[in-house]
Amino acid sequence: MTQKDFITYLQKLCHLDRQQCAVLLNAVGRQMANAGVEQIPVTLPGLGTFASHKHPEYIANDPETGQLTLYPPRISYRMQVEEEGVGREWLDHHLAESTKTPIEEASRFVAALAKSILAVLARGEEVEVKGIGTFRTINSNQGEIQRVAYTPDDQMKELVNAPFNFFEPVTINQK
């Protein structure tokens, strides 16, 4: 499903105009990325909990050349099974604050976003949400939905790793 089609679908579910819906959707992506940087788990109700994991810097040895390279830290972002109560209020609050939207409307939007993604997945379609990532179903051998898979998009990966974007791998010369 295209981003435009998804926004239309979401807009109908949450009863907002297209512009407000797009603004809130973009803000959700930014707030989820901010939570990822801070390593705060965020839950989209009924869908899952999004959490980040910081991988420390490391040194790799090239066996052919003997060169050592220092690689900077990075943060991975993934969705796991929903954890009860984790990060729900955080996203609602920060979305409302960043968009100057009443908290009740922000909360309804977050719930509608999760419901929209699940509804599209139930129709057998993949959902790509710009600034957040791609959702698809993993089915069992019998064709039943086993779980929802999530892959962060490039924008989400870049935002979550913003604190480390200015670091480059460094070759360490051996003497």
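Biologist: Which residues of α4 are called buried?
Modeller: The buried residues of α4 are Ala106, Phe109, Val110, Ala112, Leu113, Ala114, Ser116, Ile117, Val120 and Leu121. Buried means a relative accessible area under 20%, exposed means over 50%, and partly exposed lies in between (1.4 Å probe, protein chains only). This is a predicted model, in which local features need pLDDT of at least 70 and side-chain atom pairs count only at pLDDT 80 or more, while totals for chains, interfaces and linings use all residues. Residues are numbered from 1 along each chain as its sequence is written, and side-chain values use heavy atoms, with hydrogens and water left out.

Biologist: How do you know that the reach of helix α4 is close to the expected one?
Modeller: Helix α4 covers residues 103–122, which is 20 residues, and reaches 29 Å from its first C-alpha to its last. Just after α4, Gly124 has a positive phi of about 90 degrees.

Biologist: Why is Lys100 called exposed?
Modeller: Lys100 has a relative accessible area of 74%, which is over 50%, and therefore counts as exposed. Lys100 lies in the loop between α3 (88–99) and α4.

Biologist: What makes the phi of Lys100 worth a remark?
Modeller: Lys100 is not a glycine, yet its phi is positive, at about 55 degrees. Most residues other than glycine have a negative phi. His15 also has a positive phi, near 60 degrees, and is a residue other than glycine. His15 belongs to the loop between α1 and α2 (18–38) and is exposed, with a relative accessible area of 70%.

Biologist: What makes β1 and β5 edge strands?
Modeller: The open sheet of three strands has the order β1-β2-β5, with antiparallel pairing. β1 (42–44) and β5 each have a single partner strand, so one side of each is left without a neighbour in the sheet.

Biologist: How do you know that β2 and β5 pair?
Modeller: Two strands pair if DSSP finds at least two bridges between them. β2 (residues 48–55) and β5 are joined by seven bridges, so they pair, in the antiparallel sense. Phe50 has Met79 in β5 as its bridge partner.

Biologist: How many bridges join β4 to β9?
Modeller: Three bridges join strand β4 (residues 68–71) to β9, and the two run antiparallel. Leu70 stands opposite Val170 in β9. The open sheet has the order β3-β4-β9, with antiparallel pairing, and its edge strands are β3 (58–61) and β9 (170–172), each pairing on one side only.

Biologist: Which residues line the largest pocket?
Modeller: The lining of the largest pocket consists of Gly46, Leu47, Met79, Gln80, Val81, Glu82, Arg147, Val148, Ala149 and Tyr150. On a 1 Å grid over the protein atoms alone, a pocket is an open set of points where a 1.4 Å probe fits, with protein on both sides within 12 Å along at least five of seven lines, and lining residues have an atom within 4 Å of a point. β8 gives the most to this lining, with four residues.

Methods
Expected span 1.5 Å × (residues − 1).
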